[in-house]
Amino acid sequence: MAQELLGPRGSELIAALKAARVEFVAALPDIWTSVGFLWPLSRDPAFRLIRLCKEDEGVSICSALAFCDRRAILSMQYTGFLDSVNSIRGTAVNYNQPVCMLVGLLAKEPDKAPKDSQRYDVRITQGILDAMGIDHLCIEGSEDVARLAPAIDRAYELSRPLVAMIGRTVRA
Amino acid sequence: MMPRDRCFKALAAARGDAIVVSRYSAAFEWGAIAPHALNYFAIGAMGQCSSFALGLALALPQHKIIVLDGDGSLLMNLGSLVTIAAAEPKNLVHFVCENGNYEVNGGHPIPGQGRVSFAEIARGAGYPEVFEFDDLAAFAENVPALLSLAGPVFATLKLAKAGELEVAFSERGDADMCRRFKEALVPLIRGRDGR
């Protein structure tokens, strides 16, 4: 019987954001991360949650916060990332802004890397990140969460955008 | 309808030390009329200046943030009105420069030209203070008080179509502009953080 491949816990992701001194979270709910991550985060007084109507708003909000030495993260589904590509290009990439994003890869196969997914929309997400020259990592399970805070620190130190793809459902 | 340059001169006289985020193509004259280190010219992703201004307003809650949006620009990001109203930034004043057309892209009309009411949309989105101006004298008289209100404040500026415009995006929308703006923010950040 195959071993079940479990996603990270939301509490682990939240702790990583705190370790990276993230204060603001701009978000649209993503079914991949909603129960385990966004709901608990929404009740955590350490964060100011900005509920968005559309994901590209969050790119600009996070960029402006970075101008003012406030760390933020934009949490969304990969569909929101795809919809926000122009804003990410025009705001984060062209102007070297440390816009950090958590992107849930809904329905990605748990045993496959995003680039190897059979799902076209998941597969192209990583391809677009590569084409745009955006630093990225994929968090599949708890063992990957330790990479998140250093990656955020690095994004702010180098003033570069970052995408952390969430490859499996986030557990409560 | 108000002439845009004179409208901006009235705003500049009341601006104080506010940060002004302007949608470049909707507010071409702003940089020349009101040169200031705390001007940010939003170029690159149309529609995003209101969201950028919200981020500044949240980061610097003690400082006044003014956004000069365009009508076509706001139509691209109407949801930002709801997001801003929900976030309740007391220090944000949101102007939309309504001239009814995509001025820099050939003068084509915006959808709903002459019928859409941005003020009504903002009111419905939850902005507590909403205004509309089409008379220059009334705007000049009221803008100081408007800027002192607890926001978010929204005001439509009904503007006459400008004449020929000399477009020079590269002068303002580049990494140097970002660097200069960030440097200008340093004293405000230090004041906020007590450093």
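## A walk through chains A and B

Visitor: How many residues does chain A bring to the contact, and how many does chain B?

Guide: Keep in mind that this is a predicted model. The contact draws on both chains, A and B, with 25 residues from chain A and 24 residues from chain B.

Visitor: Which helix of chain A gives the largest share of the side that touches chain B?

Guide: Three elements of chain A each put in at least two residues: strand 2 (48-51), helix 3 (55-67) and helix 5 (85-93). By type, that side of chain A splits into eleven nonpolar, eight polar and six charged residues. The largest share is nine residues, and it comes from helix 3 of chain A.

Visitor: Are helix 3 and helix 5 of chain A roughly parallel or roughly antiparallel?

Guide: Their axes come within 9 Å and cross at roughly 10 degrees. Angles under 35 degrees get the parallel label. Helix 3 of chain A and helix 5 of chain A are therefore roughly parallel.

Visitor: Which residues of helix 5 of chain A meet helix 3 of chain A?

Guide: Sorted by type, this helix pair's contact has three nonpolar, four polar and one charged residue. From helix 3 of chain A come D56(A), V59(A), S60(A) and S63(A), and their partners in helix 5 of chain A are S87(A), I88(A), T91(A) and A92(A).

Visitor: And which residues of helix 5 of chain A are buried?

Guide: Burial here takes 20 or more other C-beta atoms within 10 Å. Helix 3 of chain A is part of what covers the buried residues of helix 5. Those buried residues are S87(A), I88(A), G90(A), T91(A) and A92(A).

Visitor: Over to another pair: are helix 1 and helix 2 of chain A oblique or parallel?

Guide: The axes of helix 1 (residues 10-19) and helix 2 (residues 34-42) of chain A come within 8 Å, crossing at roughly 55 degrees. That angle makes helix 1 of chain A oblique to helix 2 of chain A.

Visitor: Is the crossing of helix 1 and helix 2 of chain A left-handed or right-handed, and what meets there?

Guide: On the helix 1 side of chain A there are G10(A), S11(A), L13(A) and I14(A), which meet G36(A), F37(A), P40(A) and L41(A) of helix 2. That contact has five nonpolar, three polar and no charged residues. As for the hand of the crossing, it's right-handed.

Visitor: How does the radius of gyration of chain A sit with that of a compact globule?

Guide: Chain A carries eight helices and six strands, and its C-alpha trace spans about 50 × 35 × 30 Å along the principal axes. A compact globule with 172 residues would come out near 16 Å, so the figure for chain A agrees: 15 Å.

Visitor: What about the radius of gyration of chain B?

Guide: Chain B has eight helices and eight strands, with 45% of its 195 residues buried. A compact globule with 195 residues would have a radius near 16 Å, so chain B agrees with its 16 Å.

Visitor: Is helix 1 of chain B roughly parallel or roughly antiparallel to helix 7 of chain B?

Guide: Helix 1 (residues 4-14) and helix 7 (residues 136-148) of chain B have axes that come within 9 Å and cross at roughly 30 degrees. That makes the two helices of chain B roughly parallel.

Visitor: How many charged residues does the contact of helix 1 with helix 7 of chain B have?

Guide: R6(B), C7(B), A10(B), L11(B) and A14(B) of helix 1 meet residues of helix 7 including F139(B), A140(B) and V143(B). The contact splits into ten nonpolar, no polar and, for the charged kind, one.

Technical notes:
Residues numbered from 1 in each chain as written. Chains lettered and ligands numbered in written order. Predicted model: local features only at pLDDT ≥ 70, side-chain atom pairs only at ≥ 80, totals over all residues. Axes fitted to C-alpha atoms, helices over the stretch in contact; angles between N-to-C directions. Helix = DSSP H or I, 4+ residues; strand = E, 2+ residues; numbered from the N terminus. Parallel < 35°, antiparallel > 145°, perpendicular 65-115°, else oblique. Left-handed = near helix turned anticlockwise from the far one by under 90°. Contact = placed C-beta atoms within 7 Å. Nonpolar A, V, L, I, M, F, W, Y, C, P; charged D, E, K, R; others polar. Rg over C-alpha atoms; globule rule 2.2 N^0.38 Å. Buried ≥ 20, exposed ≤ 12 C-beta atoms within 10 Å, placed from the backbone.
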